[in-house]
Amino acid sequence: MGDMDIALDFDPESSTPLYRQLYDSFKAGILDGRFAAGTKLPATRELARSIGVSRITVTECYERLLAEGYIEARRGSGTFVCKRLPELSLFASPSPAAAPETPAANLLPHLSRFGTAVNMLLNRPSIPGIIRLDLHGPDVAHFPRKVWARLIAKRMGRSGRDLFDYAFDSRGDPALRNALARYLAQARAVLCDPDQILIVSGSQQAISLTARILLNEGDRVAMESPGYYYAGRTFTSQGAEVVPISVDHHGIKVSELQKHKDIRMVYVTPSHQFPTGAALTLPRRKALLAWARANNALILEDDYDSEFRYRERPLPALQGIEPDAPVIYSGSFSKLLFPSLRLGYLVIPKQLYLPFRTAKVLADLQSSTFHQHILADFLIEGHLESHLRRMRTLYDKRRSILVRVLREHFGSKVTIFGDEAGMYLLARFRTNLTEQEAWERAHDAGVRTDRLYWPPGASETQHGYVRLVFAYATVSEKELQVAGRRLARAFLD
């Protein structure tokens with residue numbers, strides 16, 4: 001029977017197809033050397049007869065082994081085990097270890113200014129069983145996975161190579177941009193057409209692209225104080241000077257902004273200020289737009305979670321208040337759907353669109369075409385609105401529980417801010433602890449919260465009080481109650 005004895009493991013009663021069992025047995029024998037390289041295999045008819053299976057089964061097994069490079073067919077000679085197996089092309093041989101001639105610290109390369117800035121991002125490790133109230137993301141357990149899976153199957157069944165190939169249009173899938181333009185006009189009162197929308201890989205890339213295109217080293221960019229940590233670090237890593245502008249319960253203080261000169265750009269979260277939760281009032285919105293026009297400055301509007309309001313209609317976007325407003329509008333699906341989707345968008349004034357599109361191409365060529373197609377179908381079929389309605393109800397319930405728990409344990413010693421919207425709230429505790437001490441006590445008690453970020457030069461002292469941010473969207477009702485008890489022991493004992 002050929003040049004080798006065949007001993008193959010397979011079970012006719014198994015649910016695994018016979019051809020796959022034969023393939024697995026052949027592959028194992030080739031890799032462990034039982035079937036030596038260069039050895040001739042039996043003909044399909046001969047092997048099928050000897051082991052009692054159909055010739056079609058053996059042919060399917062051989063075809064798979066042939067396609068994956070384990071065997072080769074030689075015209076007029078037969079089929080042989082390959083001398084060079086595919087694993088040799090997949091895995092590199094380890095290099096022999098060599099003792100360094102210089103101390104490891106001296107081997108670090110010289111970092112750029114950007115590399116030095118981002119190298120300072122450090123996180124304290126978590127302890128087992130800790131309740132994470134610092135995770136600013138959605139509860140993905142309630143995402144409609146069956147709907148998403150159906151849309152994937154539908155696309156896989158009808159799409160050609162465009163689903164897996166490079167994107168034809170680097171701006172983003174046209175169907176998604178069209179659906180987004182309609183959604184933003186209805187839900188956020190954004191004034192744009194699809195040709196102003198650029199699909200990006202989340203809100204952080206939106207901020208990064210804006211900083212790289214608009215800011216030179218030494219340029220001044222204003223931002224809310226306290227504000228969004230990763231925005232501030234992005235601006236400083238670009239070499240810009242961050243100008244902190246105070247925030248009160250009406251949002252950013254435009255009167256304070258007007259005292260500064262030569263501001264190139266201002267970064268704001270007007271619909272739900274991060275982290276105080278304040279909403280920028282209409283008079284201040286108009287004043288901010290007037291200031292930007294008068295100073296030839298641009299506004300970067302980060303509209304990260306404005307869809308989640310619990311007592312009133314969502315506030316319209318700053319971008320849509322006036323035609324041709326000097327606003328770059330940013331949004332993301334990370335909090336609306338799930339973070340690993342990594343899709344967001346920018347709505348860009350038409351005169352700036354070309355440099356943004358080019359910068360996106362230079363950054364990563366394109367965002368995932370596959371996910372853009374699925375997301376477009378998700379929007380077009382109306383699933384986003386249904387999902388948002390369900391999540392508003394869920395988050396509102398968790399918000400109410402957290403507010404009640406904090407007030408039960410701390411009474412008049414706690415004040416809640418920003419509790420009518422979003423996926424987090426800000427709590428101010430009356431205590432003699434410093435913010436660092438309070439955060440560490442909470443962490444050691446098994447509750448990890450988020451702290452406020454103050455841009456360089458900002459005044460952050462509030463004697464007799466500490467302020468902590470609680471992101472509650474991913475935390476169960478039971479965990480919220482446990483967290484309240486742990487915090488009470490940490491702060492009050």
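Helix α7 crosses helix α13 in a left-handed way (near helix turned anticlockwise from the far one by less than a right angle; clockwise would be right-handed). The axes of α7 (residues 174-187) and α13 (residues 369-380) come within 8 Å and cross at roughly 35°. From α7, the contact takes in Ala175, Leu176, Ala179, Leu180 and Arg182, while α13 brings Gln372, Leu375, Ala376, Leu379 and Ile380 (contact: heavy atoms within 4.5 Å). Sorted by class, that contact holds 8 nonpolar, 1 polar and 1 charged residues. Nonpolar covers Ala, Val, Leu, Ile, Met, Phe, Trp, Tyr, Cys and Pro, charged covers Asp, Glu, Lys and Arg, and polar is everything else, Gly included.

Before going on: this is a predicted model, where local features need pLDDT of at least 70 and side-chain atom pairs pLDDT 80 or more, although totals for chains, interfaces and linings use all residues. Residues count from 1 along each chain as its sequence is written, and side-chain values use heavy atoms, with hydrogens and water left out.

**The whole chain**

The protein chain has 16 helices and 16 strands, taken as DSSP runs numbered from the N terminus (H or I over at least four residues, E over at least two). Of its 493 residues, 48% are buried (under 20% relative accessible area with a 1.4 Å probe, protein chains only; exposed is over 50%, partly exposed in between). Take the contacts in the chain with a separation of 6 or more: 73% of them link residues 24 or more positions apart.

Axes are lines fitted to C-alpha atoms (for helices, over the stretch in contact), with angles from 0 to 180 degrees between N-to-C directions. The α14/α16 crossing is right-handed. On the α14 side, the residues in contact are Lys397, Arg398, Ile401, Leu402, Arg404, Val405, Leu406, His409 and Phe410, and they meet Glu477, Leu480, Gln481, Gly484, Arg485, Leu487, Ala488, Phe491 and Leu492 of α16. By class, the α14/α16 contact comes to 10 nonpolar, 3 polar and 5 charged residues.

Strand β3 (residues 78-81) is antiparallel to β2, and 4 bridges join them; Arg74 has Gly78 as its bridge partner in β3.

Strand β14 (residues 424-430) pairs with β16 in the antiparallel sense through 7 bridges, and Leu425 has Phe470 of β16 as its bridge partner.

In β5 (residues 197-200), Ile197 and Ile199 point one way, Leu198 and Val200 point the other, and all are buried. Strand β12 (residues 344-347) runs antiparallel to β5, joined to it by 4 bridges, with Leu198 opposite Leu346.

**A buried leucine**

Leu288 belongs to helix α11 (residues 282-294) and has 0% relative accessibility, so it counts as buried. Leaving out residues up to four places away in sequence, Leu288 touches Val254, Leu257, Val266, Val268, Leu280, Ile299 and Leu318. Gln258 is 30 residues from Leu288 along the chain, and their C-alpha atoms are 9.1 Å apart.

Most residues other than glycine have a negative phi, and most peptide bonds are trans. These go the other way:

| Site | Feature | Angle |
|---|---|---|
| Ser225 to Pro226 | cis peptide bond | omega near 0° |
| Phe274 to Pro275 | cis peptide bond | omega about 15° |
| Asp324 | positive phi, not a glycine | phi about 55° |
| Leu365 | positive phi, not a glycine | phi about 65° |

Pro226 is in the loop between β6 (220-225) and α9 (229-237), and Pro275 is in the loop between β9 (263-268) and α11. Asp324 lies in the loop between β10 (298-302) and β11 (327-332) and, at 72% relative accessibility, counts as exposed. Leu365, in the loop between α12 (353-364) and α13, counts as partly exposed at 44%.

Conventions
Pairing = 2+ DSSP bridges.
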